[in-house]
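Visitor: I would like to learn how a model of this kind should be read. Please take me through the features in order.

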Amino acid sequence: MPNRKTEQLLTRCITDHKEHVYRLAYSYVKNKEDALDIVQDSIYKALTSIELLNKPEAIKSWFYRIVVHTSLDFLRKQKKVQIADEETIESFSPGAADIYPDIDLEKTLDNLPLKYRSVIVLRYFEDLKIEEVADILNENVNTIKTRLYQALQILRVTMNDESATEVQ
């Protein structure tokens, strides 16, 4: 049975980081409703397994890990059934050339393999330290550093290729 203080820590963590947690889930699923479902499932999982938390000071990375794993589980289930929403269909329809570099970055991030995208999102969009990213993804710090370097290389090459194509 978890103690009251740990439950309060979890509640504070959830309320203090609700926007970050939602953004993290959204970065995986790219759908508002699915991201909200993932956040809700993650909160439920955290509350029902709080007794498994060994170090209350690591509650943030523990909860983020739950969100990441819940998002990945959702994506695995979705691979079996792919339903395209209007936004996705529109993204494949031919239209005017995209001149907004941040949208190019978003599309490039979406095309990164999940192991690289997770590191980039957690490190730069959630502003977590390398050690926290390693803890959340349950990986060695050196593995995270390597993946971060490789992901940045892929992004750099991809973004350079896209900008070179636009110039021609």
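Guide: Residues are numbered from 1 along each chain as its sequence is written, and side-chain values use heavy atoms, with hydrogens and water left out.

Visitor: Where is confidence lowest, and where is it highest?

Guide: The quantity to consult is pLDDT, the predictor's confidence in each residue, from 0 to 100. For the chain the mean pLDDT is 81, and 79% of residues reach 70 or more. Confidence is lowest in helix H5 (residues 86-92), with a mean of 51, and highest in H3, at 94. Over residues 92-101 the pLDDT falls below 50, and this stretch has 5 contacts (heavy atoms within 4.5 Å) beyond near neighbours in sequence. Where pLDDT is low, the predicted coordinates should not be read in detail.

Visitor: How many helices and strands does the chain have?

Guide: Helices (H or I, at least four residues) and strands (E, at least two) are DSSP runs, numbered from the N terminus. The chain has 9 helices and 0 strands. Of the contacts between residues at least 6 apart in sequence, 68% join residues at least 24 apart.

Visitor: How does the length of H2 agree with its number of residues?

Guide: The expected span of a helix is 1.5 Å times one less than its number of residues. The 12 residues of H2 should therefore span 16 Å, and the end C-alpha atoms are 17 Å apart, which agrees. After H2 comes Lys-30, whose phi is positive, near 60°.

Visitor: Which residues of H2 are buried?

Guide: Buried means under 20% relative accessible area, exposed over 50%, and partly exposed in between (1.4 Å probe, protein chains only). In H2 the buried residues are Val-21, Leu-24, Ala-25, Ser-27, Tyr-28 and Val-29. Across the chain, buried residues make up 34% of the 168 residues.

Visitor: Which residues have the most contacts inside the largest nonpolar core?

Guide: A nonpolar core is a set of buried Ala, Val, Leu, Ile, Met, Phe, Trp, Tyr and Cys residues joined through side-chain atoms within 4.5 Å. The largest one here has 40 residues, and Leu-10, Leu-24, Trp-62, Phe-63, Leu-122 and Leu-137 have the most contacts inside it. Elements giving two or more residues to this core include helix H1 (4-16), helix H4 (59-80) and helix H9 (141-167). H4 supplies the largest share, 9 residues. Leaving out residues up to four places away in sequence, Trp-62 touches Leu-10, Ala-46, Ser-49, Ile-50 and Leu-53.

Visitor: Why does Val-119 count as buried?

Guide: Val-119 counts as buried because its relative accessibility is 1%. Val-119 lies in helix H7. Beyond its neighbours within four places in sequence, Val-119 is in contact with Val-133, Leu-137, Ile-144, Arg-147 and Leu-148. Val-119 and Leu-137 are 18 residues apart in sequence and 8.3 Å apart in space, C-alpha to C-alpha.

Visitor: Where is Leu-112 found, and what does Leu-112 touch?

Guide: Leu-112 is found in the loop between helix H6 (101-111) and H7. At 4% relative accessibility, Leu-112 counts as buried. Not counting residues up to four places away in sequence, Leu-112 touches Arg-117, Ile-120, Ala-151, Ile-154 and Leu-155. The C-alpha atoms of Leu-112 and Ala-151 are 7.6 Å apart, although 39 residues separate the pair in sequence.

Notes: Predicted model: local features only at pLDDT ≥ 70, side-chain atom pairs only at ≥ 80, totals over all residues.
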